[in-house]
Amino acid sequence: MSYLEVKDLRVAFPTDDGLVQAVDGVSFNIERGKTLGIVGESGSGKSVTSLAIMSLLNRKHAIISGEVIIEGKNLITADEETVRSYRGHEMAMIFQDPMSSLHPFFSVGDQVAEAYKVHNDVSDEKAFDHAIQMLDRVGIPEPAKRASDFPHQFSGGMRQRAMIAMALCNDPSLLIADEPTTALDVTVQAQILSLIKDVQKEFNSAVIVITHDLGVVAEVADDVMVMYAGRVVERGTVNDIFYRPEMPYTVGLLSSAPRLDQVSDRLIPIEGQPPSLLRLPAGCSFAPRCFAKSHVNGDACDTTMPELLQTRPGHDVRCHLESSARISVAKQRLAGEN
Amino acid sequence: MGIYIFRRTLYAIALLFVISLVVFVLFSALPFDPASLTCGKNCTTEVIEANRIRLGYDLPMWEQYVKFLQGIFIGRDYGHGVASFTCPAPALGYSFFRQECVTSLLITALPPTIWLAIGSVTLWVGTGILLGIWAARRRGGAPDHIINVLTVFATSMPTFLTGQMALTFLIGKFGWIPPPDYYEPYQNFPKFFSTMFLPWIVLALPGLAIYARLTRGFVLETGSEDFVRTARAKGLPEKTILWRHTLRPALSPLTTLAALDLAFMLGGAVVTEKIFSIPGLGRLTIQSVIQYDLPVIVGTTILAAAFIVVANLIVDILYSVIDPRVRLK
Amino acid sequence: MARTKIGAKLSAVFAVSALLISACGSSSAEGSGGTVTYLTHAEQILHLDPQRNYTGQDLAFSVTYLTRSLVSYAPGAGAAGTELVADLATDIGTPSEDLKTWTFTLRDGITFEDGSPITCAEVAYGVSRSYADDLTDGPAFAEAFLDVEGGYAAYPGPYEATAEQQALFDAAVECSEDGKTITFHLNSPMADFNYTTALLTFSPVPLDEGGNVGEAYDKNIVSSGPYKIASYTTGKSLNLVRNENWSADSDPFRKALPDKVVVKFAQDEKGIDEYIINGTGPGKTALSLDGIYPDNLEAVFSSADMESRRLNDYDIYVTYTAVNVAKMTCLPIRQAVFYATDREALRALGGGSQFGGDFADGVIKPANLPTDYKPVTGYEDADPAGNVVKAQELMDQAKTECPDEYTRVTTKGITRDYADGDVARQGFAITQEALAKVGIKLNANFIDPGSYYGVILNPETQGDLSAAGWGPDWLNASTVIPPLFIDNGGFNVSQTKADPDYAAFAALVDEAKANPDRASQGAQWAALNQYVMEKMWVLPGLFTKTQYHWGSDLTGVYLWQPYGCPGFNDIGVKN
């Protein structure tokens with residue numbers, strides 16, 4: 001049984017220029033012990049999706065519909081107090097920039113302890129002891145001593161470890177990591193990713209890793225969801241996505257990223273820019289940038305938004321192309337041939 | 001930290017001496033003759049000269065300054081024969097207009113100004129911050145607009161106008177509020193309060209508006225910081241997020257501002273003290289300027305400067321307490 | 001008069017901006033008891049120390065409540081208030097035949113607030129204090145008149161005097177064995193020396209000054225009057241309570257009506273008027289020592305409600321323009337300036353006829369010096385708005401009589417000294433325009449008000465014309481004509497010595513000063529006033545007025561002529 005069910009999640013931001021549909025009908029499930037990678041460019045809606053799950057979007061500025069169900073409870077319609085009791089407790093989140101995400105005026109230990117104390121009726125001392133334990137568990141050396149240090153006294157990797165300690169201190173069933181390694185040195189990235197994998201095993205949590213970095217996904221994810229312009233365009237196991245990608249956008253992402261497991265002469269960037277969410281194209285959102293558009297008969301790409309359809313069990317794709325055509329186009333592209 | 005404070009204190013003392021010297025030089029450079037001001041009817045040059053000697057303006061400026069410095073350390077004698085008397089150290093001079101030692105004038109004028117300053121600064125900082133928070137949380141809503149209009153209004157109304165209107169109408173015309181008078185709070189607190197609250201409000205209005213705007217800005221700015229999102233993600237209640245996480249970074253600039261404002265107010269609120277008959281430093285200052293009462297001008301200037309200097313020192317120390325990233329060297 | 005003395009009285013002319021008329025409501029002062037409150041914007045009473053007090057209202061206040069003198073003016077409205085009566089003395093003084101010795105006998109039962117008796121020694125001590133350099137601002141009349149050998153230079157006052165120096169003073173001020181009689185030896189005959197003793201310079205001070213010697217005495221004076229200081233805080237208040245050691249039996253005129261007298265300092269000027277007009281705050285039982293705020297004059301004097309609690313009466317001052325005779329040597333030109341001046345427009349600047357006052361015809365004011373006043377003749381054709389025709393005639397005359405001076409005033413022009421201010425600048429514009437009509441070019445020297453007198457009293461810095469004002473020190477034109485027009489008289493801004501006829505004039509003045517007969521002396525002063533005007537040593541300005549108002553629960557307010565302020569003696573609270 002899935003731990004988290006997201007059904008037809010939609011998030012829109014009204015602006016002076018019109019409605020920005022940041023997330024448009026996203027649905028997915030995730031089980032405990034599994035890791036879901038959400039991949040997409042900036043503005044694809046992946047971060048907004050995670051914030052919507054955490055209910056961290058300001059409801060005054062965002063129109064949210066759909067369902068986010070954790071163990072039968074729909075957080076979208078739940079009252080603020082219920083949602084708050086879930087946050088940091090049932091579900092926790094790690095952010096991109098650990099420097100700015102940690103409060104500069106409080107010691108690291110205090111910040112971890114605060115996260116623990118808010119959901120557990122314990123004394124300050126106990127909470128702080130727990131914080132030290134957590135810091136120890138995420139690999140901070142001399143945690144008792146470093147706990148009273150302030151974030152600016154920590155290195156980037158240590159800060160992210162502290163963030164992870166803070167997120168994990170209440171044994172959350174769901175951990176969302178939003179670009180957890182983007183702001184870190186490459187050498188530190190691997191450590192953090194393996195830490196996330198380790199703690200996931202230890203806590204048996206469901207993990208959502210949001211990233212634009214396919215390498216991160218390959219490293220940690222069981223399943224992958226590719227988003228473009230607020231919609232899911234392809235979804236499958238990590239093998240489906242990396243070895244049998246069908247949606248041209250996924251293919252484009254893969255062909256524009258260096259891979260160690262495949263030999264390729266050159267990287268092929270995706271041309272053009274992601275569309276403005278204010279003025280999405282009439283048909284497929286990706287159509288203006290799609291290299292495979294010529295393989296589709298008629299003007300379906302420009303007039304109709306394709307459905308997200310199953311191409312194989314557990315592998316869904318949103319594309320007008322026939323499945324077989326998709327595979328061959330993808331192969332050519334990944335071989336660097338067009 | 002101890003060394004830092006010691007060094008800063010020495011620096012502050014040196015600064016005060018420089019300020020006193022500057023005031024001395026400035027006033028000696030002014031195109032007026034203090035001795036001739038003491039002369040009205042029956043005035044002759046002999047009278048002017050005799051008064052010049054009596055007031056000590058016959059000496060060269062440097063000698064006057066040396067005598068002034070001596071007074072600070074060993075006190076200073078005035079008068080002749082059996083009518084002579086001493087202003088004990090630290091003597092900042094003697095006011096022939098008020099017939100009192102400057103130091104005791106300052107000591108007498110200080111409490112009213114302190115109460116006025118503390119009351120109004122507390123009121124304006126406190127209310128300003130609360131209004132600012134309220135406006136920020138209802139951003140774009142009615143409270144935000146109302147506060148916006150009020151702040152524009154309050155900052156554009158000079159104190160002499162609001163003060164004069166408050167006095168003329170609330171006290172003079174309608175008699176709703178007891179007339180100005182000054183009581184020490186420990187002598188008669190109800191009377192102290194009933195005569196002080198109007199000056200507090202009048203003095204607080206412009207500052208209140210400024211603090212409301214600033215706080216609104218801080219709250220909105222900090223509210224979009226990543227660490228506030230983190231706090232929310234931890235499941236902290238909104239109250240904790242606001243008071244602990246959002247306002248804490250605003251504490252540094254607000255504390256700096258409030259401490260300097262307080263120091264500035266401790267130098268005396270000229271207009272408010274004058275309108276509301278508060279016998280404080282501000283009125284002492286303005287009266288001494290009107291009368292060209294040099295010793296008092298020097299005394300009040302040095303005291304006001306001392307408040308600013310000390311406040312700056314305290315602010316620096318507070319900074320290191322408030323913001324862990326700041327270390328005093 | 002080489003003395004460190006400051007005439008604050010004179011400066012007050014510039015504080016008085018406007019004045020006026022109404023019968024002074026002298027209601028009967030019944031109400032005794034209660035508290036009378038006086039409101040002022042000032043920080044303190046300039047001086048309570050009797051030897052330093054020289055401001056009209058402060059003198060009136062002090063003499064009524066705290067400090068008795070040898071003689072005083074009988075408090076009362078109008079002429080009744082100008083009569084000299086005995087106070088500490090049993091009569092108003094007895095002069096010797098040659099008018100060089102004056103003797104006063106002290107009453108029985110007169111004491112200070114601590115019950116200690118007031119004798120000749122305390123009076124003499126008080127007078128001697130006026131010599132001390134430590135005590136500024138008081139009038140220098142003792143030094144001027146007492147026959148202390150060597151004068152002020154020889155006697156430094158009681159604080160520093162050696163036994164020999166003190167002996168010089170003691171020879172001039174003599175006490176009888178029993179301490180009941182005090183004799184003043186004068187250096188020249190004076191018919192009106194007893195008026196001088198109405199000034200507090202001649203008031204007693206305890207020999208130990210109540211423990212507050214010199215400067216400190218000012219805030220801690222030892223009372224001889226019906227009240228004493230309970231507390232006195234600069235910038236806050238002066239509180240008087242009854243002096244239990246004062247006895248009405250020993251005092252011929254003080255009524256001592258209220259139980260308490262409070263002076264509230266540092267009050268907002270507009271606030272004071274609001275309290276009084278609306279009866280708010282302390283207003284019902286308060287009187288404003290500052291008069292009425294100019295903006296409120298119209299309202300106060302048009303309000304029926306205020307009818308019984310306002311006054312508009314003459315103060316003690318005459319304003320005028322001193323003509324520097326040393327520079328303005330040509331009489332027709334001096335007269336032309338007078339004729340050409342638009343006095344009507346100038347008066348309008350200062351409150352108009354209602355509040356500003358009447359056009360003066362000289363320097364003697366009929367309101368406070370009726371004995372010495374006679375209308376000046378010869379200028380009946382001087383239209384208040386200016387008589388350009390007459391002025392032009394005079395200028396034409398000057399062209400032939402004194403051509404050099406004529407050339408100077410019409411080309412280079414003449415300079416008038418002003419104490420700087422908005423009104424002064426407007427006044428200059430009016431006068432400049434008026435004089436230009438007859439070809440006189442007027443320049444202005446605007447001087448900081450604080451240093452104004454220092455500038456105009458120095459012949460080197462003085463201009464051709466100088467704005468000035470004067471009030472008598474006591475009710476005899478001997479304190480007007482001599483100081484204003486006699487060399488070294490103290491305020492001879494007109495530099496009359498430069499006039500060829502000065503010697504003759506000075507002789508007439510000496511004659512008048514020594515005349516013991518008050519009535520004929522008055523005629524002499526009136527004639528000298530006429531003389532001054534014929535010489536055009538001054539351009540007369542206004543017989544100024546002052547306005548006061550008070551709360552509805554006060555009774556007995558009237559203007560006391562000798563001091564040009566409310567007579568405090570009859571002020572009480574309605575029962």
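User: Which residues of H10(B) does H5(B) meet?
Analyst: In this predicted model, helix H5 covers residues 102-137 of chain B and helix H10 covers residues 238-266 of chain B. On the H5(B) side, the contact is made by Thr113(B), Ile114(B), Ala117(B), Ser120(B), Val121(B), Val125(B) and Ile129(B). The residues they meet in H10(B) are Leu254(B), Ala258(B), Asp261(B), Leu262(B), Met265(B) and Leu266(B).

User: How many residues in the contact of H5(B) with H10(B) are nonpolar, polar and charged?
Analyst: Among the residues involved are Ile114(B) and Leu262(B), as well as Asp261(B). Sorted by class, the contact of H5(B) with H10(B) has 10 nonpolar, two polar and one charged residues.

User: Are H5(B) and H10(B) roughly parallel or roughly antiparallel to each other?
Analyst: The axes of H5(B) and H10(B) are 9 Å apart, and the two helices pack at an angle of about 150°. H5(B) passes H10(B) in a right-handed crossing. Angles over 145 degrees count as roughly antiparallel. The pair H5(B) and H10(B) is therefore roughly antiparallel.

User: How are H4(A) and H7(A) oriented to each other?
Analyst: H4(A) and helix H7 (residues 156-168) of chain A have axes 8 Å apart and pack at an angle of about 20°. The crossing of H4(A) past H7(A) is right-handed. Because angles under 35 degrees count as roughly parallel, H4(A) and H7(A) are roughly parallel.

User: What classes of residue form the contact of H4(A) with H7(A)?
Analyst: Val108(A), Gln111(A), Val112(A) and Ala115(A) of H4(A) meet Ala162(A), Ala165(A) and Met166(A) of H7(A). By class, this contact has six nonpolar, one polar and no charged residues.

User: Which elements give two or more residues to the side of chain A that touches chain B?
Analyst: Contact between these chains involves 24 residues of chain A and 17 residues of chain B. The elements of chain A that give two or more residues are helix H2 (80-86), strand E6 (91-94), helix H3 (98-101) and helix H4 (108-117).

User: Between which chains are the most contacts?
Analyst: No contact joins chain A and chain C, and their closest C-alpha atoms lie 48 Å apart. Two pairs of chains touch, and the pair with the most contacts is chains B and C.

User: How many residues of helix H2 of chain C are buried?
Analyst: Helix H2 of chain C runs over residues 56-65 and is mostly covered. Its buried residues include Gly56(C), Asp58(C), Phe61(C) and Tyr65(C). In H2(C), the number buried is 10 of 10.

Definitions and conventions:
Residues numbered from 1 in each chain as written. Chains lettered and ligands numbered in written order. Predicted model: local features only at pLDDT ≥ 70, side-chain atom pairs only at ≥ 80, totals over all residues. Contact = placed C-beta atoms within 7 Å. Helix = DSSP H or I, 4+ residues; strand = E, 2+ residues; numbered from the N terminus. Buried ≥ 20, exposed ≤ 12 C-beta atoms within 10 Å, placed from the backbone. Axes fitted to C-alpha atoms, helices over the stretch in contact; angles between N-to-C directions. Parallel < 35°, antiparallel > 145°, perpendicular 65-115°, else oblique. Left-handed = near helix turned anticlockwise from the far one by under 90°. Nonpolar A, V, L, I, M, F, W, Y, C, P; charged D, E, K, R; others polar.
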